[in-house]
Amino acid sequence: MQLNNFEIIRYPILTEKSNLQKDTQNKVTFLVHSKANKIQIKSAVEAIFNVSVEKVNIQCRKGKRKRFGRHEGKRPDTKKAVVTLKEGHKIEIFEGV
């Protein structure tokens, strides 16, 4: 399955932990497509943001089961990528957030 760069990276995850990692460890967190692998994520981040990526870590999260009265449903499964940028590289979109 061929995905383009903007389909691979869905949106950044902005939490207290991700902001702390961005400032201290030069790591940025993204929600990514569930079929994307580390190589595709690395090339997509490098192409979109024009930075060098040192390492990519991935976490696959199962969706929780939820009940709405007598109806049962499930939240979607998600995949999260923590991208470590090389020394001296930053993504300017996140500055001041």
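Me: Why is Thr 29 called buried?

Reply: Thr 29 has 5% relative accessibility, and buried means under 20% relative accessible area, with exposed over 50% and partly exposed in between (1.4 Å probe, protein chains only). So Thr 29 counts as buried. Bear in mind that this is a predicted model, where local features need pLDDT of at least 70, side-chain atom pairs count only at pLDDT 80 or more, and totals for chains, interfaces and linings use all residues. Residues are numbered from 1 along each chain as its sequence is written, and side-chain values use heavy atoms, leaving out hydrogens and water.

Me: Where is Thr 29, and what does Thr 29 touch?

Reply: Thr 29 sits in strand β2. Strands are DSSP runs of E, at least two residues, and helices are runs of H or I, at least four, numbered from the N terminus. Not counting residues up to four places away in sequence, Thr 29 touches Pro 12, Ile 13, Ser 18, Gln 21, Lys 80, Ala 81 and Val 82. A contact means heavy atoms within 4.5 Å.

Me: Lys 80 is on that list. What makes Lys 80 a residue with no salt bridge?

Reply: A salt bridge needs a side-chain nitrogen of Lys or Arg within 4 Å of a carboxyl oxygen of Asp or Glu. For charges, Lys and Arg count as positive and Asp and Glu as negative, while His and the chain ends are not counted. The nearest side chain of opposite charge to Lys 80 is Glu 16, 14 Å away, and Lys 80 is buried with no salt bridge. Lys 80 lies in strand β6 (residues 78–85). Its contacts, leaving aside neighbours within four places in sequence, include Phe 30, Asn 57 and Arg 61.

Me: Which aromatic pair is there, and why is the pair of Phe 30 and Phe 49 called stacked?

Reply: A search of the whole structure finds one aromatic pair. The ring centres of Phe 30 and Phe 49 are 5.7 Å apart and their planes are at 20°. Rings of Phe, Tyr and Trp (its six-membered ring) pair if their centres lie within 6.5 Å; planes under 30 degrees apart count as stacked, over 60 as edge-to-face and the rest as tilted. So this pair is stacked. It links distant parts of the chain, with Phe 30 in strand β2 and Phe 49 in helix α3, 19 residues apart. Both Phe 30 and Phe 49 are buried.

Me: How do you know that Ile 8 is buried?

Reply: Ile 8 has a relative accessible area of 2%, so the buried label applies. Ile 8 lies in helix α1 (residues 5–8), and its contacts beyond four places in sequence include Leu 31, Ala 36 and Ile 41.

Me: What makes a nonpolar core, and which residues have the most contacts inside the largest one?

Reply: A nonpolar core is a set of buried Ala, Val, Leu, Ile, Met, Phe, Trp, Tyr and Cys residues joined through side-chain atoms within 4.5 Å. The largest has 18 residues, and those with the most contacts inside it are Ile 8, Phe 30, Ile 41, Val 45, Val 83, Leu 85 and Ile 91. Two or more residues come from each of β2 (27–32), α3 (38–49), β3 (53–61) and β6. Helix α3 gives the largest share, four residues.

Me: How do you know that β4 and β5 pair?

Reply: Two strands pair if DSSP finds at least two bridges between them. Strands β4 (residues 65–68) and β5 (residues 71–74) have four bridges, in the antiparallel sense. Lys 66 stands opposite Gly 73 in β5.
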